[in-house]
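Hi,

Here is the structure I promised to pass on.

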Amino acid sequence: MSIPPSQTPVPHDLLWFPGGDVVLSTDTLLFKVHKDVLSLQSSFFKDTFDFFAVRDAQMANDGSGSAEETYEGIPVMRMVGDEGTDVVHLLRTVYERQYYRRDDPKTPLATMVALFNLNTKYDFKHIRTDVIFQISKEYPTQLDAYDDWCDCGYPIFGEMREYMYAHFTLLKMLFKANVPGLLPVIYYASSCSPYSDIFTMTATLDAECLSTLIKGKEKLILAANSVIGDLPDLVRDVVIKCNEDCQYEVRITKLSYVLDYADLRQMRGDFVMQQCVNGVCGKCSKKIEAEYDKRRADVWEKIPSLFGYESWIKTRQEIAEACT
Ligand SMILES: [Zn+2]
């Protein structure tokens, strides 16, 4: 029988400052850092260190000594439930100016998640603000910007944009922390994946969050299908006013190609014209396309309400407030 590796935590190579006055302890790693530095950025650490200082003073007065755990004479604070590697991301962000920058699109998803989750717990307000800001820049709430975002093809947080793991990871994280300003667009991005992918990717998702995602996706498909269902009427209203032979030549085909998608890229006017409408002149084609794009934009505006939120305007206000 093999012997499991030792679980005794060891000092981290970089985050072990000779002048440090507290040792943070996880199951695998130890960090010798500075109370003042942590207190300056985190209300949790400030309150905790203040509490310890008062307690130690009282114990000294009582002559009862100290029950405090120490490592080489330095007090130890246990970070219960935190992964050592996640704490590395947090502390390097605190100590190294270039370690995490909110405008760096190459920030790995794992770093983002570790920073966000630990900041939710320990209240490093500036880091949390930067993470929310970065996610908001990566997930636009304007339709044109979202289209461009989908088309650009660049990785996001080191993950592929199509059917990507990042949507679901961020959905789980933001639902748990209740960040309403970001949730509608993340719900939407997640809903664009096929049901089979959703159920594979969301095995650990909160039941309420999964229910909102599935119900929202169904409502979105209904809204999109309703617009597609009106396409024959829209086409007729345009071609009947045309001086060419469009009303006699027009053919509407292959509507099944654009039905049952939550992804509104399948509703783009040019795409629908290309797939489904034949036999019309250039002028009619442009008119139908423009009207169809208007209706698509109307569906986009409904997206927050389909997932239980008020509007894009409201979510943008909430992001602005969260980033100040
Ligand atoms: Zn025409």
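In which hand, left or right, does H4 pass H5 in their crossing? Before the answer, one caution: this is a predicted model, so please read everything below with that in mind.

The crossing of H4 with H5 is left-handed. H4 covers residues 109–122 and H5 covers residues 125–138, and their axes come within 9 Å and cross at roughly 135°. An angle over 145° would count as roughly antiparallel, so H4 and H5 end up as oblique to each other. On the H4 side, the contact is made by Met112, Leu115, Phe116, Asn119 and Thr120, and H5 brings Ile127, Arg128 and Val131. Sorted by class, that contact has five nonpolar, two polar and one charged residues.

H10 (residues 207–229) packs with H14 (residues 282–306) at an angle of about 160°, and their axes are 10 Å apart. H10 and H14 are therefore roughly antiparallel to each other, and their crossing is right-handed. From H10, the residues in the contact are Gly216, Lys219, Leu220, Ala223, Ala224 and Val227, while H14 supplies Arg295, Arg296, Val299, Lys302, Ile303 and Leu306. By class, the contact of H10 with H14 has seven nonpolar, one polar and four charged residues.

Now for the sheet. Five strands make up an open sheet with mixed pairing, and the order across it is S1-S3-S2-S5-S4. Which strands stand at the edges? They are S1 (10–16) and S4 (70–71); each has a single partner strand, so one side of each is left without a neighbour in the sheet. S4 and S5 (residues 74–78) run antiparallel and are joined by two bridges.

Last, the overall layout. The domain assignment gives domain 1 as 10–132 and domain 2 as 224–303. How many Å separate the centres of domain 1 and domain 2? Taken over C-alpha atoms, the separation is 57 Å.

Cheers

Notes:
Residues numbered from 1 in each chain as written. Predicted model: local features only at pLDDT ≥ 70, side-chain atom pairs only at ≥ 80, totals over all residues. Axes fitted to C-alpha atoms, helices over the stretch in contact; angles between N-to-C directions. Helix = DSSP H or I, 4+ residues; strand = E, 2+ residues; numbered from the N terminus. Parallel < 35°, antiparallel > 145°, perpendicular 65-115°, else oblique. Left-handed = near helix turned anticlockwise from the far one by under 90°. Contact = placed C-beta atoms within 7 Å. Nonpolar A, V, L, I, M, F, W, Y, C, P; charged D, E, K, R; others polar. Domains from an automatic or database assignment. Pairing = 2+ DSSP bridges.
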